[in-house]
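Reader: Please take me through this model by question and answer, with the criteria stated as they come up.

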Amino acid sequence: ENQTHDLIKDTSIDVVLRYGKGGYEQASSGTKKTRLHAEKLWEETYLFPVCSPTYLRGVATASRKSTERSLQNLTDLSTHTLLRLPLPPDRETGEVGERWQAWLNSLAEFKALGESDQTALLAHAKKGPFYSHEHLAIDTAKSHHGIGLALDVLVIEDLLEKKLVRPLAIRSRDPYSHWLLYREQDAQRASVQAFAQWIREEAALSLKTLSTCRSHSWA
């Protein structure tokens, strides 16, 4: 989120991909300022819990023996391992939040819970293993070791291939976006144009697949 200065300090870097709230059009380092081309790759993406089918079958088996391992509503998440991820750092304070915390607080379903349930769920969401990168948490979820909170465009293939499933039919729109950035002065460079076009085509392809899945109401 806050590393656009790479495009100013290091001229060997031509293109940067960032996950954040935007506002990248002008970056600065000391007295040097550079205009950047900032392009959002997807206009609308969603976050939702995911786990492996094997994990979910284990939950179903356990729930027939005990209510402690059920997974039917939001509060049931407090009995499961939640795979944690950081949010992009705040550009002004540098503070790094956590995805589960922010996601829960954004849900109407969470706000409808009693205060004790809210407190317990937020406390539990701070206890799971912490991952620096999303693909690590997704791989852990696919390996049956917990429930991740994933961005739809990044797990669409895993959902289609049944490597991941959605245990709860709850989602929220992601307040962050993925951005393609490069220096405006480099916009006509063949290498930059070629890479940017490839990224655009990949993003469009994933969005097309995602749109098909959304029409079936499962992604």
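Reader: Is Arg183 buried or exposed, and at what relative accessibility?
Author: This is a predicted model, in which local features need pLDDT of at least 70 and side-chain atom pairs count only at pLDDT 80 or more, while totals for chains, interfaces and linings use all residues. Residues are numbered from 1 along each chain as its sequence is written, and side-chain values use heavy atoms, with hydrogens and water left out. The classes rest on relative accessible area with a 1.4 Å probe and protein chains only: buried is under 20%, exposed is over 50%, and partly exposed lies in between. Arg183 therefore counts as buried, at a relative accessibility of 5%.

Reader: Which residue forms a salt bridge with Arg183?
Author: A salt bridge requires a side-chain nitrogen of Lys or Arg within 4 Å of a carboxyl oxygen of Asp or Glu, and here the closest N and O atoms are 3.9 Å apart. The pair links distant parts of the chain, 169 residues apart, with Arg183 in strand E8 (residues 177-183) and its partner in the loop between helix H1 (6-9) and E1; helices (H or I, at least four residues) and strands (E, at least two) are DSSP runs numbered from the N terminus. The partner is partly exposed, with a relative accessible area of 23%, and the residue in question is Asp14.

Reader: Which residues are linked with Asp14 and Arg183 in a network of salt bridges?
Author: A further salt bridge joins Arg189 to Asp186, with 4.0 Å between the closest N and O atoms. Of these two, Arg189 is partly exposed at 35% relative accessible area, whereas Asp186 is buried at 8%. The residues linked with Asp14 and Arg183 in the network are Asp186 and Arg189.

Reader: Which residue of helix H6 pairs with Asp158?
Author: Asp158 lies in helix H7 and is linked with a residue 16 positions away in the chain, the closest N and O atoms of this salt bridge being 3.3 Å apart.

Reader: Which helix supplies the largest share of the lining of the largest pocket?
Author: On a 1 Å grid over the protein atoms alone, a pocket is an open set of points where a 1.4 Å probe fits, with protein on both sides within 12 Å along at least five of seven lines, and its lining residues have an atom within 4 Å of a point. The largest pocket holds about 1000 Å³, and of its 34 lining residues the closest to the centre are Tyr19, His133, Glu134, Leu154 and His178. At least two lining residues each come from strand E1 (15-20), helix H6 (134-142), helix H7 (152-160) and helix H8 (190-215). The largest share, seven residues, is supplied by H8.

Reader: Which residue in E7 stands opposite Leu47?
Author: Four strands form an open sheet of mixed pairing in the order E5-E6-E4-E7, where two strands pair if DSSP finds at least two bridges between them. Its edge strands, each pairing on one side only, are E5 (82-83) and E7 (172-173). Strand E4 (residues 46-50) pairs with E7 in the antiparallel sense over two bridges, and opposite Leu47 stands Ser172.

Terms used. Points joined across faces, edges and corners; volume = space filled by probe spheres on them.
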